[in-house]
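Hello,

Here is the structure for you to take over. Please open it first; my notes follow below.

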Amino acid sequence: MTFVSFRMNILFFIVFLLFSLLIFRLGIVQIIYGDDYKREIDRKENVTINTSMPRGNIMDRNGMLIVGNKPSNAITYTRPQNIKAEEVLKIAEKLATIIHKDSKEDLKAIPEIDKKDYWILKHPTEAEAKITDTDREKLKNDKDYDTKMYHLTLDRITSKEINSFSKKELEILAIYREMITGYPLSPQIIKKNVSPKEFAMVSENLDSLPGVDTTTDWDRYNNYKDKEGKEILASVIGKVSSSKEGLPKDSVDYYLARGYSRNDRVGKSYIEYQYEEVLQGQKEKVKNVTDKNGKVLESQVIREGKRGDDLVLSIDIDLQRKVETIIKEKLSKARLGQPYLDRAFVSVMNPYTGEILSMAGKQFEQNSTSGKTNVNDFALGNLTTSYEMGSVVKGATVLTGYQSGAITPGEILNDRPVKFLGTKVKKSWNTTGFGPINDLYALKRSSNVYMFLTAMKLGGQQTYIPNGRLSIDKVAAIETFRKNFSQFGLGVKTGIDLPGEQIGYGSGQIPPEAGKVLDYAIGQYDTYTPLQIVQYISTIANGGYRIQPHIAKEVREPSNQANELGPIIQEIQPKVLNKIEMKSEWLKRVQEGFKQVVNDPLGTGYGIKNKQYKIAGKTGTAQALYNGPISHSPGLMLWNITFGGYAPYDHPEIAVSVVVPWLTTDQSHVNLEIANEVFEAYFELKEKRAKENLTISNPKINTSKSETNKDE
């Protein structure tokens with residue numbers, strides 16, 4: 001009995017000690033660490049989120065709105081950091097009772113993998129049963145256990161199971177997948193262009209839809225379209241990524257380092273890409289206060305957002321529309337009986353400032369399904385495609401002859417068919433030749449032989465011997481030609497403020513035969529872009545200054561007034577890339593030759609009718625190997641016809657290049673017809689505006705979307 005009492009006392013003592021330790025521990029927790037644990041329970045985090053703002057407008061030189069932002073109502077969802085998929089699904093189910101997201105496009109956009117994930121969420125027990133004990137035993141020590149189990153489950157979901165969803169369930173899935181696509185704490189657009197009723201109902205039910213909000217989103221739109229509804233200057237304007245696309249994969253790090261969010265919309269190509277930093281707005285900075293579970297407790301705007309700055313282009317949209325119409329109409333007629341002729345290009349530039357007033361190109365494409373011919377914007381072809389340009393470059397050849405000492409101004413050479421040992425006859429476009437002629441006559445009548453003889457002299461051979469050898473230093477000759485041609489912008493980048501510019505083919509290569517040097521002198525070896533031609537023509541027109549072409553004219557702040565431009569932030573100044581290392585009298589002599597080309601009845605450009613505009617220029621015809629998209633026999637040779645000119649010749653205002661490649665005949669004059677009407681369009685617009693006393697010192701923004709914005 002005494003022994004039992006002793007044991008009981010020991011037991012009570014132990015219990016007493018344990019309770020004492022517990023009370024002591026609770027005291028420490030409560031008294032010493034209580035405040036710390038309380039703070040942990042109540043802990044909040046401040047997370048700063050940047051919200052994108054609409055992009056800046058793109059306008060023409062006269063303040064006409066070309067590209068703007070169309071506002072639209074939208075529903076967004078901001079996902080907390082640690083929310084479970086099941087909770088997001090519940091919100092999606094509630095949202096599906098208020099908004100519609102069940103169009104064919106919405107449901108078609110759901111990939112199979114998302115349907116499988118959704119099936120797992122809806123059928124957790126059945127999904128669990130798809131994994132056998134054998135599977136678990138086999139993979140129990142695998143470090144990627146969960147991932148492999150997940151993929152096994154996906155593989156065993158049948159087509160019948162993922163096609164068992166009702167239309168309403170698919171609608172919920174369409175909403176759900178948008179909600180989980182975005183990044184945590186970044187608003188993700190669930191639906192754009194929502195109806196007023198949907199917008200109002202969601203706004204009324206925000207308390208029961210945590211993370212859901214209503215906002216005004218924007219879409220980029222082009223204000224000018226042609227008769228077929230295709231956007232004017234579309235290829236040069238470029239594209240902007242959607243909120244779904246977000247940042248381009250190949251430049252994510254670049255943008256993230258500059259404060260962008262992954263789902264931000266950015267310029268993907270050309271003007272929108274080149275001037276991204278101008279057009280991208282200043283983001284609204286929002287501080288989200290969250291609890292320890294990542295749920296947003298409150299939001300506070302700490303910096304107001306601002307729409308992007310406005311970009312004013314050097315483009316004259318009225319001239320652009322007229323030029324595009326001219327190309328389309330003239331090319332449509334010229335294509336009759338021309339199976340390979342599918343494109344034409346025009347560049348119009350101020351030769352003193354480098355401002356691109358118009359950059360137009362059209363490409364005809366046969367639709368294999370409907371048989372219809374589509375006419376697509378191909379303005380980009382002015383800087384991304386190149387062709388043998390023919391005699392239009394002979395001005396550079398003559399000037400190279402002067403500079404190298406191969407010929408002197410006024411020198412007479414005998415134009416007659418020439419034949420070298422083991423080669424075919426080379427001659428001018430007429431049969432018998434022009435006889436003894438000087439440099440001006442050679443330009444006016446577009447003599448090939450005069451250029452051949454100049455190239456021979458430049459290569460070290462002073463005398464032509466019938467049936468003799470062509471003994472020239474082809475390396476020295478071609479390098480001298482290219483060095484001088486590059487001063488005008490031929491064979492080098494023009495420096496235009498657009499990405500993707502090409503320099504053409506042939507530059508840097510040594511011709512396999514000496515005879516190719518003679519072909520080079522008449523524009524039938526290296527290829528050049530239409531933009532290079534207009535820069536070359538401008539260099540001659542302005543007296544020897546190669547000006548960098550640019551399509552942007554000004555950057556302006558967003559205006560507080562709806563129809564006015566804001567203050568100028570930056571004005572793009574003319575940039576001289578180089579001064580031609582040639583005497584001014586030599587340039588004046590070539591200018592005189594170009595003047596005679598168009599205004600002398602014997603000139604090859606006399607077909608340009610509008611003599612009142614004092615046009616000077618040079619025609620070109622080149623026989624070249626076809627490399628276009630249409631199936632053809634190997635070695636098919638076609639004709640490129642070109643023109644480069646400026647006006648007025650006594651004080652040039654514009655320089656123009658016209659390039660029409662791949663005709664089966666050299667007898668077409670569509671290049672001159674296009675050039676004639678382009679000059680006419682420019683000067684008629686100028687006269688019309690002078691009569692209307694149009695001022696552009698403080699232009700208004702014309703945002704009209706009336707029928708006047710369609711080509712007439």
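Two strands are taken to pair if DSSP finds at least two bridges between them. Helices (H or I, at least four residues) and strands (E, at least two) are DSSP runs, numbered from the N terminus. The model is predicted, so local features need pLDDT of at least 70 and side-chain atom pairs count only at pLDDT 80 or more, while totals for chains, interfaces and linings use all residues. Residues are numbered from 1 along each chain as its sequence is written, and side-chain values use heavy atoms, with hydrogens and water left out.

The sheet

An open sheet is formed by six strands, ordered β11-β10-β9-β20-β19-β18, with antiparallel pairing. At its edges are β11 (373–377) and β18 (616–625), each of which pairs on one side only. β18 is joined by 10 bridges to strand β19 (residues 637–647), and the two run antiparallel. In β19, T642 is the bridge partner of G620.

The helices

Axes are lines fitted to C-alpha atoms, for helices over the stretch in contact, and angles run from 0 to 180 degrees between N-to-C directions.

The axes of helix α16 (residues 317–334) and helix α25 (residues 670–692) come within 10 Å and cross at roughly 155 degrees. That is why α16 is roughly antiparallel to α25 (angles over 145 degrees count as such). Among the residues that meet are L319 and I326 in α16, and I674 and L685 in α25.

Regards

Technical notes:
Angles under 35 degrees count as roughly parallel, over 145 as roughly antiparallel, 65 to 115 as roughly perpendicular and the rest as oblique. Contact means heavy atoms within 4.5 Å.
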